[in-house]
Amino acid sequence: MAHIFIAYCHKDSDFGYLTRQELESAGFQVWIDENIQGGDIWRQEIDDAIQAAFALVVIMSPDARLSEYVTYEWSCGWGAGKPIVPIMRKETKLHPRLEEFQYLNFTSDDRKHWPWNNLINRLKEKETQSTSCIPYGAPTAVKQAVAALNSHKVQERKEALETLSNIKHPSAGEALIASLQHPIKDVRQTAAFLMSKSENLDQKIVPQLVVALEDDDYSTRYRIIEMLGKIGDKQAVPKLLDILFKDNNRAIHKAVTDALGQIGDPRAVPALIWIVEAIGDEDDSACQEITDALQAIGTPEAIAFVKKWWQRRNGW
């Protein structure tokens with residue numbers, strides 16, 4: 001998962017660590033350079049961490065203004081097209097490039113006036129907007145494939161996704177699931193298609209799949225529903241039921257019904273029974289699909305209803 005990179009001067013380390021704590025408490029992953037050794041390894045670690053970030057928080061002070069390291073970090077992030085969120089910890093003149101970004105004022109001695117909520121909300125907005133973040137520690141092949149997702153050529157984007165689906169490194173899987181939020185439709189479509197073919201889908205990706213169900217593309221939604229059915233995690237059930245009631249696409253309805261049957265959560269039973277009773281004799285095939293799902297869920301209530309439905313259908 002992409003993280004937030006904190007750039008700070010070590011004379012401001014107490015505030016840097018406090019910022020990390022606040023952001024981690026808000027659910028973000030945070031990268032801070034507390035454990036890095038000097039030399040070339042340090043530089044490569046920094047570069048990789050910036051490339052993998054979805055945003056940089058830059059803590060500014062007079063000391064940070066003079067720090068070559070802080071300047072290198074935020075300028076590297078700026079050059080990589082990463083969103084920059086400056087924090088003014090102590091009054092100082094900003095570099096002309098940093099002046100382009102609206103800073104958050106943390107100079108008050110009264111901590112009650114520190115705008116943590118504003119910082120968190122701004123970063124949540126940046127996270128939603130972020131695309132094609134390269135997972136931290138990704139091998140070169142993954143970095144190249146992620147970069148190619150923004151190619152102007154459809155075939156290159158498709159080949160990049162196929163490359164990611166064939167790489168066994170965890171970062172490739174992270175990049176593939178992140179592609180479901182890519183602004184280019186064919187990237188989302190292809191990523192969903194390739195992922196749906198896997199027999200080893202990780203339960204950990206369910207929250208991201210549920211978010212991706214908001215996609216306005218039918219084929220992408222369809223593949224994601226298939227994946228949720230394969231994984232069988234019950235946390236997807238409320239969203240699937242919501243789609244069943246709100247989405248008018250017949251194929252999506254069938255996919256959701258199949259997925260609910262695979263997941264087997266008893267919470268779906270009352271809703272499925274209500275739908276069958278509401279449909280009545282208007283759509284026999286839809287009723288059959290739903291009763292098959294109820295049979296698969298297998299609670300006493302579900303089985304009793306299916307038996308009753310079959311009797312009514314066959315005039316017994």
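User: Hi! How many aromatic pairs does a search of the whole structure find?

Analyst: Searching the whole structure gives 12 aromatic pairs. Rings of Phe, Tyr and Trp (its six-membered ring) pair if their centres lie within 6.5 Å; planes under 30 degrees apart are stacked, over 60 edge-to-face, and the rest tilted. Keep in mind that this is a predicted model, where local features need pLDDT of at least 70, side-chain atom pairs count only at pLDDT 80 or more, and totals for chains, interfaces and linings use all residues. Residues are numbered from 1 along each chain as its sequence is written, and side-chain values use heavy atoms, with hydrogens and water left out.

User: Why is the pair of Phe28 and Phe54 called tilted?

Analyst: Their ring centres are 6.2 Å apart and the planes stand at 40 degrees, so the pair is tilted. It links distant parts of the chain, 26 residues apart: Phe28 is in the loop between helix 1 (13-25) and strand 2 (30-31), and Phe54 is in strand 3 (residues 53-60). Helices (H or I, at least four residues) and strands (E, at least two) are DSSP runs, numbered from the N terminus.

User: Switching topic: which helices do the buried residues of helix 13 pack against?

Analyst: They pack against helix 11 (218-231), helix 12 (237-246), helix 14 (269-279) and helix 15 (284-297). The buried residues of helix 13 include Ile252, Val256 and Leu260.

User: What happens at the start of helix 13, and what follows the helix?

Analyst: At the start, a side-chain oxygen of Asn249 comes to within 2.9 Å of the backbone nitrogen of Ala251. Gly264 follows helix 13, with a positive phi near 75 degrees.

User: Last one: how many residues are in the largest nonpolar core?

Analyst: That core has 60 residues, and Leu240 and Leu260 are among those with the most contacts inside it. Helix 14 gives the most to this core, with 7 residues. A second, separate core of 22 residues includes Ile4, Phe15, Leu23 and Ile120. A nonpolar core is a set of buried Ala, Val, Leu, Ile, Met, Phe, Trp, Tyr and Cys residues joined through side-chain atoms within 4.5 Å.

Definitions and conventions: Buried < 20%, exposed > 50% of the residue type's maximum accessible area, 1.4 Å probe, protein only. Contact = heavy atoms within 4.5 Å. Polar contact = N/O pair within 3.5 Å; in protein donor to acceptor, adjacent residues only side chain to side chain.
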